[in-house]
Amino acid sequence: MFALRSTLARLFVGLLLTGLGLHLYAQSQGPARAKPKASLTPIQFRDVALNAGVNFVLHNYPTPQKHMIETMTGGVAAFDYNGDGRTDIFFTNGAELPALQKTSPIYFNRLYRNDGGMKFTDVTEEAGVAGAGYSMGAAAADYDNDGHIDLFVAGVYSNHLYHNLGNGKFEEVTEKAGIKSDKWSVAAGWFDYDNDGYLDLFVVNYAKWTPDYNRFCGDAARNLRVYCHPMYFEGLTNTLYHNRGDGTFEDLSEQSGIAKYQGRGMSLAFADFDNDGFMDVYVTNDNQANFLFHNRGNGTFEEVGLETGAALLDGGKPISSMGADFRDYDNDGLPDVFVTALEGETWPLFRNRGEGWFQDVTYPSRLGPVSVLRSGWGNGIFDFNNDGWKDLFTANSHADDNVHLFKATEYRQPNSVIANLGDGTFRDVSGDAGESFQAPAAHRGCAFADFNNDGKIDVVVSALREPAELWENVSPDDNHWITLKLVGTKSNRDGIGARVRIGNQVNHMTTAVGYASSSHFGVHFGLGKTEKIDAIEIKWPGGITQVLKGVKADQILQVREPEK
């Protein structure tokens with residue numbers, strides 16, 4: 001029935017396209033046009049990494065062979081590892097090739113403790129998370145419901161699960177937990193797909209590759225070598241680990257139906273796109289159609305990306321899909337999909353129209369012209385100026401470090417911040433974000449959090465062979481805000497999967513955001529001029545609906561799931 005409904009909807013769209021023309025259709029069927037805001041509260045950032053003590057440099061060990069893994073590392077995680085109420089920062093890092101070993105401290109993954117006041121301390125070795133192998137992505141969540149946030153690190157035949165002991169240290173429990181390292185994994189995310197109160201783990205895998213792969217790609221006449229096109233790599237299936245609730249996991253990729261689909265996975269994001277009470281999974285694929293795994297609620301998934309319109313842009317050609325976020329940008333109550341890709345491809349924006357289908361609004365939203373000349377990796381949908389409309393952030397760089405020798409584009413690029421105008425369209429405000437914001441770099445992953453607890457969302461970004469950036473949000477304090485920190489009792493302890501509504505705004509608790517990265521700090525809302533919230537509705541994963549009334553703005557509010 002789901003497939004039939006969405007197929008009929010797509011057929012209707014096709015008839016409209018034929019009769020009216022693409023341009024007219026895009027304008028008439030684009031996002032609902034609310035009244036544009038009279039003025040746009042500025043969005044401004046300043047890089048405080050150096051003064052903050054965040055001195056991480058991402059080492060990818062570039063080689064003359066141009067191994068694909070060299071250009072794809074760089075995930076970041078933001079989470080409170082020691083429970084002091086301040087969000088800490090974790091960076092993944094590369095390793096020496098071809099050994100795939102961290103032979104020097106410069107290749108250590110790094111954990112920086114937030115000491116308050118935008119000051120951080122490197123606690124990597126004392127916490128026990130320096131890691132091993134060539135690391136790619138990170139995913140943070142409390143998988144055993146003990147109140148301490150744990151960490152999963154994805155890598156090239158080197159996955160690692162770190163159990164948070166609650167005393168500032170982690171224990172590596174990968175083998176004991178039943179987690180395998182048999183594939184090149186890029187990213188991962190935590191979600192409770194069966195609503196049993198324990199978080200499950202979805203691992204995104206890229207392609208078959210070994211260090212002895214030595215295909216020459218580029219211009220042989222000029223002896224100019226580039227990273228090979230993804231088409232030369234055979235894709236892999238992804239992995240779903242079911243949490244048994246006793247500290248161990250069971251690989252249910254086959255039984256769930258996930259393993260039927262082979263791709264070159266880059267990242268993932270979670271949302272309940274059809275509001276049936278079960279979290280669905282969006283997976284970006286490199287030069288293949290993206291996947292949307294619809295959760296049937298019986299332990300199995302169906303892949304519905306193409307039939308729902310969320311797999312490809314309207315042109316029908318696969319692109320270099322990188323990062324993804326899955327949130328409601330237009331305040332209609334339905335989670336939408338925002339994807340980054342390389343220069344010339346645009347960054348897809350798929351608007352959730354309900355009834356099981358998505359519409360490509362990349363150009364009607366004005367995101368197309370903004371993004372067509374840029375290459376994006378990490379990304380997120382967050383309200384940076386607290387005006388009640390979620391904006392876009394992207395960490396930018398091309399994949400090839402010598403791309404300028406082949407085409408009129410640059411490898412190192414500045415980040416982007418794109419403001420939501422509240423009428424279904426966006427405007428690039430990167431040039432207004434601050435002079436330092438224009439500095440180009442080989443950006444990769446990024447994570448989002450309110451690192452100084454001032455109510456404004458900050459961003460931390462990794463960059464290949466360059467210092468990480470910590471962008472403090474210094475936008476004017478014109479608007480109000482609230483951040484909810486959810487504590488599940490019957491649901492998972494993190495409240496991951498909870499759906500929160502304030503007025504016409506809807507957001508949900510998730511930590512899987514962007515490219516190979518994780519943002520774990522709660523659920524944030526910009527409130528505009530609202531000083532007191534009439535009602536906050538929380539639908540917990542366990543099925544309980546909770547309503548809070550008369551809540552003051554401008555606070556970090558911890559909310560416990562009520563007993564049934």
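Predicted model: local features only at pLDDT ≥ 70, side-chain atom pairs only at ≥ 80, totals over all residues.
How many residues in the lining of the second largest pocket are nonpolar, how many polar and how many charged?

**Figure 1. Lining of the second largest pocket.** The residues of this lining divide into 6 nonpolar, 9 polar and 5 charged. The space in the second largest pocket comes to about 460 Å³. It has 20 lining residues, and Gly147, Ile149, Lys485, His520 and Gln558 are the closest to the centre of the pocket. Strand 33 (residues 480-487) gives the largest share of the lining, with 3 residues.

**Figure 2. Gly147 and its contacts.** Gly147 is one of the residues closest to the centre of the second largest pocket. Its place in the chain is the loop between strand 6 (135-141) and strand 7 (150-155). Gly147 has a relative accessibility of 39% and therefore counts as partly exposed. When neighbours within four places in sequence are left aside, Gly147 is in contact with Asp142 and Arg493. For scale, the C-alpha atoms of Gly147 and Phe525 are 24 Å apart, and these two residues are separated by 378 residues in sequence.

**Figure 3. The largest nonpolar core.** This core has 43 residues. Within the core, Ile69, Met72, Trp184, Phe191, Phe202 and Val281 have the most contacts. Two or more residues come from each of these elements: strand 10 (185-191), strand 11 (200-205), strand 18 (265-271), strand 19 (280-285) and strand 20 (291-295).

**Figure 4. The surroundings of Met72.** Met72 is among the residues with the most contacts inside the largest nonpolar core. Not counting residues up to four places away in sequence, Met72 touches Met136, Trp184, Val186, Tyr206, Met266, Trp377 and Tyr515. Trp184, one of these partners, is also listed among the residues with the most contacts in the core.

**Figure 5. Strand 3 between its pairing partners, strand 2 and strand 4.** Strand 2 (residues 76-79) pairs with strand 3 in the antiparallel sense, over 4 bridges. Strand 3 and strand 4 (residues 110-116) also run antiparallel and are joined by 3 bridges. Phe90 of strand 3 is the bridge partner of Ala77 and stands opposite Leu111 in strand 4. In a regular strand, side chains alternate between the two faces of the sheet. In strand 3 (residues 88-91), Asp88 and Phe90 point one way, while Ile89 and Phe91 point the other way. All four of these residues are buried, the charged Asp88 included.

**Figure 6. Strand 2 and strand 36.** Strand 2 and strand 36 (residues 518-519) run parallel and are joined by 2 bridges. Ala78 has Ser519 as its bridge partner in strand 36. Val76 and Ala78 point one way from strand 2, and Ala77 and Phe79 point the other way; all are buried.

**Figure 7. The largest cavity.** Rolling a probe the size of a water molecule over the atoms shows where empty space is left. The structure holds 6 cavities of 30 Å³ or more, and the volume of the largest cavity is about 80 Å³. Its lining is made up of 14 residues, with Gln65, Lys66, His67, Tyr213 and Cys228 nearest the centre. By class, 8 residues of this lining are nonpolar, 3 are polar and 3 are charged.

**Figure 8. The cis peptide bond between Leu97 and Pro98.** The bond that joins Leu97 and Pro98 is cis, with omega at about 5°. Pro98 is located in the loop between strand 3 and strand 4.

**Figure 9. Positive phi at Asn223 and Asn287.** Asn223, a residue other than glycine, has a positive phi near 50°. Its place is the loop between strand 12 (218-219) and strand 13 (224-225). With a relative accessible area of 62%, Asn223 is exposed, because exposed means over 50%. Asn287 likewise has a positive phi, near 55°, and is found in the loop between strand 19 and strand 20. The relative accessible area of Asn287 is 19%, under the 20% limit, so this residue counts as buried.

Notes. Residues numbered from 1 in each chain as written. Heavy atoms only, no water. 1 Å grid on protein atoms, 1.4 Å probe; cavity = no way out; pocket = protein on both sides within 12 Å on 5 of 7 lines; lining within 4 Å. Points joined across faces, edges and corners; volume = space filled by probe spheres on them. Core = buried A, V, L, I, M, F, W, Y, C linked by side-chain atoms within 4.5 Å. Buried < 20%, exposed > 50% of the residue type's maximum accessible area, 1.4 Å probe, protein only. Contact = heavy atoms within 4.5 Å. Pairing = 2+ DSSP bridges.
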